[in-house]
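The sequence and the structure come first, and the notes after them are grouped by topic.

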Amino acid sequence: MLGPATLFVLAFLLLPMLVVLRYSVNRYVPGGLMLQVFTLENYAHFFQDHYFHKVLLTTVWVSVVCTIVSLVLAFPLAYFLARTRSAAKSLLVMLVVFPLLVGNVVRAAGWMALLDTKGVVNSTLEALHIIKAPLNIMYTTGAVMIGIISIVTPFMVLTLQSVLEGINYSVEEAALNLGASPIRTFAKVTLPLAMPGVIAGTSLVFILCMNAYATPVLLGGPSFQMMAQTIYDQISNTQNWPFGAALAFVLMFVTVALTVIAQMFLQRRYKSAE
Amino acid sequence: MAKVQLRNLTKRYGDFVAVDDFSLDVADGEFVALLGPSGCGKTTTLRMIAGFVEASTGEIRIGERDVTEYPPYRRNTGMVFQGYALFPHMTVFENVAFGLRMRRLGAAETHERVAQALKLVRLDGHVDRMPRQLSGGQQQRVALARALVVQPDVFLLDEPLSNLDAKLRQEVRLEIRQLQQALGLTTIFVTHDQEEALTMADRLVVMDRGAIQQVGSPAELYDRPVNRFVADFIGHSNFFNGRVCGPGEFKMDTGAIVRFDPEAATPQGDVSVAVRPERISFGHSPAAGTINCFEAEIEAVTFAGPRLDLILRCEGDRIIAHVHNSDGNVATERHHVGEQGFAMWSPSSTRLVSR
Ligand SMILES: Nc1ncnc2c1ncn2[C@@H]1O[C@H](COP(=O)(O)OP(=O)(O)OP(=O)(O)O)[C@@H](O)[C@H]1O
Ligand SMILES: [Mg+2]
């Protein structure tokens, strides 16, 4: 019954998670090894400390915005890619995937070079006398969002494209023929039929955003905190494995819960679209 | 319903001309079939009328409106797509109601008209099914009802029967024709199946390589084809090359003279003689009074159910003659390969067509 793939998942995915789950109920001893006990104090710590609530809220807020923006950016592009009969199509798909060939850190460095007070954007605007003093783009939530969106959008495009490819174009033509304007055709036919792609794409991208690490660290600056970074700090700086593990589980739970709720909402809205 | 006028419609893709100077008037309530081989521009023409393909030049009028520049959703045409293109996420009812909703009709009237349309195509009772739960024939009917319920000015069908099996095709063919006549629908029907076109349409438009070859009633096209393409595309024809050598006389390349009806219209330029297989009889001696009579030898005999196909060698050409299987004797036994005799036909069965 258990195929090799199942065993693989068990060994390499579930096992580490179980280990972390076990850690999250251990007791932290500053400067020493953690105590193998069963306590919920790490979770209690999270629920009592507003600082961590704020970090979680920032993470959710940034992820929701990035997911929505990348959906809006990706849909027209994915639609174009799915419908074009141009010979350059595979080249265009390559171009979409191309940013993924560069690691997150390198890409964040690129954004730094662009957005810094002495960066390309500011020096260009200054040289053109559009602005007098450099704009503070770096180390803002906006910079983090720009960075994350640039990373997740290719995933959104590819997911949407594969679903849009499967929608028979004549169905849209039928809607137009029956008197639906392009906007109503999109709302009544294209979007409902693309819903599986929207659900898959937003879930995937939301999960990627919730777990973003390098981009918030590099573009957000020291005062900006998202969950992945906070968890890492707990584990590597303070050696607080149990609390780090508890935060990891909070993050995972919130991510899964929000994804499932959003999916259910979307599916109910477009219940007959399958 | 309304009349449709197409004036010098042309569609170019780069250097390639898909539809070439297409002009046609379709009367209110008329059923016209566009017929031609694959790639001749039938679908392109239909899609220009529906507004999905922009005409390179030319004019499209539906009723009194010049719709050439209109987007598809303002043309009020009712199209039935080759693959039906039903909305897979909507029930039969929602599919049919879609056009009415777009026209913002009230709920009561929408229900009434959808029920009426579904009854018309004998699909009442399936309103809550999803398209994938229907057979091909039923999906086809939903597509018809969906297009008809909005009372379009013109009904456009692109090979709507090609996905059905042969028996169902016969049935639906009849149904569409009856619907069309009962409702007085102005209909333009695309097909590459000549039998479909001949049995359904008031008028046929035969196309080849983007251009109209001939327009006429089924009988006109069959009995008086203007050129070799039409004579061969509608039914089958035997051709002899040569030239006109006198009133009602045509000299074949072999030197033999074929007589044709001198009253019939004679095309200009290079001509051939076309003779339908069922007009040729084969006998061992010239029948009394037969004017066109040529020596022939049977090269092959094929049994085709209601008839027998004789492949004859005649005047250096290979021709086909049909013999009716009217007396029920196993006809293959009456004719055999190598048999010598005469191929005969009357001058009125001899058509001059341009090459
Ligand atoms: N978008 C396009 N770009 C270039 N050429 C096209 C395009 N659409 C159609 N054509 C060409 O125009 C010609 C006519 O196509 P059309 O689809 O109208 O043929 P058809 O008569 O409907 O054939 P079939 O019986 O196979 O459906 C074809 O040669 C086709 O290759
Ligand atoms: Mg076609």
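Is B:His335 buried or exposed? With a relative accessibility of 12%, B:His335 counts as buried, where buried means under 20% relative accessible area, exposed over 50% and partly exposed in between (1.4 Å probe, protein chains only).

The model is predicted, so local features need pLDDT of at least 70 and side-chain atom pairs count only at pLDDT 80 or more, while totals for chains, interfaces and linings use all residues. Residues are numbered from 1 along each chain as its sequence is written, chains are lettered from A and ligands numbered from 1 in the order in which they are written, and side-chain values use heavy atoms, with hydrogens and water left out.

**Around B:His335**

- B:His335 is found in the loop between strand S18 (317-324) and strand S19 (340-345) of chain B; helices (H or I, at least four residues) and strands (E, at least two) are DSSP runs, numbered from the N terminus.
- Apart from neighbours within four places in sequence, B:His335 is in contact with B:Phe282, B:Ile298, B:Val301, B:Leu308 and B:Leu310, contact meaning heavy atoms within 4.5 Å.

**Chain A as a whole**

- Chain A has 12 helices and 0 strands.
- The C-alpha atoms of chain A fill a box of roughly 70 × 65 × 35 Å along the principal axes.
- Chain A has 274 residues, of which 41% count as buried.
- Of the contacts in chain A between residues at least 6 apart in sequence, 67% join residues at least 24 apart.

**A:Phe155 in chain A**

- Helix H7 (residues 141-165) of chain A contains A:Phe155.
- A:Phe155 counts as partly exposed, at 30% relative accessibility.
- Neighbours within four places in sequence aside, A:Phe155 is in contact with A:Leu100, A:Leu204, A:Val205 and A:Leu208.
- A:Leu193 is 38 residues from A:Phe155 along the chain, and their C-alpha atoms are separated by 19 Å.

**Strand S9 of chain B and its partners**

- Strand S9 (residues 203-208) of chain B is mostly covered, with 5 of its 6 residues buried.
- Strand S3 (residues 31-35) of chain B runs parallel to S9(B), and 4 bridges join them; two strands pair if DSSP finds at least two bridges between them.
- Opposite B:Val206 in S9(B) stands B:Leu35.
- Strand S10 (residues 211-216) of chain B runs antiparallel to S9(B), joined by 5 bridges.
- B:Val205 has B:Val215 in S10(B) as its bridge partner.
- S9(B) and S10(B) form a hairpin with 2 residues between them, and B:Arg209 in the turn has a positive phi of about 45 degrees.

**Aromatic rings**

- Over all chains, a search of the whole structure finds 13 aromatic pairs; rings of Phe, Tyr and Trp (its six-membered ring) pair if their centres lie within 6.5 Å, and planes under 30 degrees apart count as stacked, over 60 as edge-to-face and the rest as tilted.
- The pair of A:Tyr23 and A:Trp241 is edge-to-face because the planes stand at 90 degrees, with the ring centres 5.6 Å apart.
- That pair links distant parts of the chain, with A:Tyr23 in helix H1 (residues 4-23) of chain A and A:Trp241 in helix H12 (residues 241-269) of chain A, 218 residues apart.
- A:Tyr23 counts as partly exposed at 25% relative accessibility, and A:Trp241 is partly exposed with a relative accessible area of 37%.
- B:Phe31 and B:Phe189 form a tilted pair, 5.6 Å centre to centre and 40 degrees between the planes.
- B:Phe31 lies in strand S3 of chain B and B:Phe189 in strand S8 (residues 187-191) of chain B, so this pair ties together parts 158 residues apart in sequence.
- Both B:Phe31 and B:Phe189 are buried.
- One aromatic cluster is formed by A:Tyr51, A:Phe52 and A:Phe243.

**Charges over rings**

- B:Arg74 lies over the face of B:Tyr70, 4.7 Å from the ring centre; a charge sits over a ring if NZ of Lys or CZ of Arg is within 6 Å of the ring centre and within 35 degrees of the ring normal.
- B:Arg228 lies over the face of B:Phe239, at 4.2 Å from the ring centre.

**Where chains A and B meet**

- In this interface, 20 residues of chain A are in contact with 25 residues of chain B.
- About 1,900 Å² is buried between chain A and chain B, and carbon and sulfur atoms give 63% of that area; buried area is the accessible area (1.4 Å probe) that two parts lose on being put together, summed over both.
- On the side of chain A, A:Asn177, A:Leu178 and A:Arg184 lose the most area to chain B, together 36% of what that side buries.
- The rule finds 1 salt bridge across the interface of chain A and chain B, a salt bridge being a side-chain nitrogen of Lys or Arg within 4 Å of a carboxyl oxygen of Asp or Glu.
- B:Arg47 forms a salt bridge with A:Glu173, with the closest N and O atoms 2.6 Å apart.
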